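Student: I'd like to learn how to read a protein model feature by feature. Could you walk me through this one?

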Amino acid sequence: MQSPLPVRDGVNATRLRLPDEGPWDTAMDYMMHRWGHIDPQGIEDRFDAGEIVGEGGIPLDRRTRLEDHTFIWYYRTLPPETRLPVELNILHQDDHILVVDKPHFLPTTPGGTYIQESALVRLRNQLNLPDLIPMHRLDRMTAGILLLSTNPETRGRYQVLFEKRQVQKEYECVSAAEPAAGHPAVEFPVVVRNRMTKSRSYLLAEVIDGEPNAETRIDVMKTYDAGSPAGAPERRALYRLEPHSGKTHQLRVHMASLGLGIVNDAFYPELLDKAPDDYTRPLQLLARGIRFVDPITQQPVEYRSRLQLSEAPA
């Protein structure tokens with residue numbers, strides 16, 4: 001559903017669905033029920049100023065009945081954010097798409113405590129492209145190639161490529177060269193297939209019984225000795241990962257399932273206590289490349305990240 005309010009400061013207006021019925025006479029009564037404990041005066045002021053709108057951009061006031069609208073839109077009051085010490089690099093831009101190198105620690109889209117400090121909002125503001133939309137997502141802790149649509153008129157033609165799995169993605173990661181104790185040896189290349197699920201209420205993705213819905217081809221690119229805190233060399237490897245599906249945390253889960261948890265992964269195979277971001281120890285996972293036949297030019301294209309994993313061999 002198209003928002004009647006434009007993007008402001010790189011951020012979309014928030015859409016709220018009003019209930020069909022309940023103990024609230026007006027839309028403002030319902031918003032007070034939801035958020036009045038946080039900023040009751042602010043809610044009243046927004047209704048008085050006509051800053052909360054319904055379908056067609058019709059301003060609501062304190063007396064607007066609950067049943068008059070199904071959806072309403074408004075701009076959230078955003079808390080101040082400290083700029084993350086990471087930068088985006090633009091690799092390609094034309095009339096239809098934008099390709100960037102997203103750094104570790106920067107989320108793809110706004111959410112939670114990261115609104116202005118997301119790749120999407122930064123780029124919208126930097127390039128004055130309010131219609132910019134990502135065609136896929138990278139985890140906050142994953143770096144590398146991110147493709148975004150700059151043109152609403154051609155956006156659907158790129159979206160179809162992802163929906164039909166006509167986009168080939170390549171990742172790299174650093175992990176131990178041998179599986180952890182308790183895991184069998186792995187003969188590479190190997191294809192990992194299983195069924196994964198992740199609920200919004202649970203932090204981690206899980207492997208469950210059932211028909212596989214996640215598949216990754218994994219191969220070793222190079223093995224090498226790396227230093228360790230104890231000073232003794234540690235045998236590590238640089239791996240190439242080719243996902244054939246796009247489940248949340250898929251690559252991290254699949255590597256951990258082999259006993260090869262990715263270096264600096266705070267989620268898999270073991271969930272560590274939440275700690276402040278350590279910018280010296282990024283997750284060693286990089287979206288290295290993306291390939292597809294461009295639906296506008298009908299020519300094959302490939303975009304490659306210029307970033308390097310900090311713990312990969314030179």
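Tutor: Let's begin with proline 189, which sits in the loop between strand 7 and strand 8 (190-197). Strands here are DSSP runs of E with at least two residues, and helices are runs of H or I with at least four, numbered from the N terminus. This is a predicted model, where local features need pLDDT of at least 70, side-chain atom pairs count only at pLDDT 80 or more, and totals for chains, interfaces and linings use all residues. Residues are numbered from 1 along each chain as its sequence is written, and side-chain values use heavy atoms, leaving out hydrogens and water.

Student: What kind of peptide bond joins phenylalanine 188 and proline 189?

Tutor: A cis one, with omega about 0 degrees. The bond from tyrosine 268 to proline 269 is cis too, with omega near 0 degrees. Proline 269 belongs to the loop between helix 5 (250-257) and strand 12.

Student: Which phi does aspartate 9 have?

Tutor: A positive one of about 55 degrees, although aspartate 9 is not a glycine. You'll find aspartate 9 in the segment before strand 1 (14-17).

Student: How do I read a helix pair?

Tutor: Two packed helices are described by the angle and the distance between their axes. The axes of helix 1 (residues 27-35) and helix 2 (residues 40-48) come within 10 Å and cross at roughly 155 degrees. Axes are lines fitted to C-alpha atoms over the stretch in contact, with angles from 0 to 180 degrees between N-to-C directions. The two helices are therefore roughly antiparallel (an angle over 145 degrees). Helix 1 contributes Ala27, Met28, Met31, Met32 and Trp35 to the contact, while helix 2 contributes Pro40, Ile43, Glu44 and Phe47 (heavy atoms within 4.5 Å).

Student: And how is empty space found?

Tutor: Rolling a probe the size of a water molecule over the atoms shows where empty space is left. The count is 1 cavity of 30 Å³ or more (points on a 1 Å grid over the protein atoms alone where a 1.4 Å probe fits but cannot get out). The largest cavity holds about 40 Å³, the space filled by probe spheres set on the points.

Student: Which residues line the largest cavity?

Tutor: His136, Ile145, Lys169, Glu170, Tyr171, Ala287, Gly289 and Ile290 do (an atom within 4 Å of a point). Strand 7 (168-176) and strand 12 (285-293) each supply at least two of the lining residues.

Terms used. Parallel < 35°, antiparallel > 145°, perpendicular 65-115°, else oblique. 1 Å grid on protein atoms, 1.4 Å probe; cavity = no way out; pocket = protein on both sides within 12 Å on 5 of 7 lines; lining within 4 Å.
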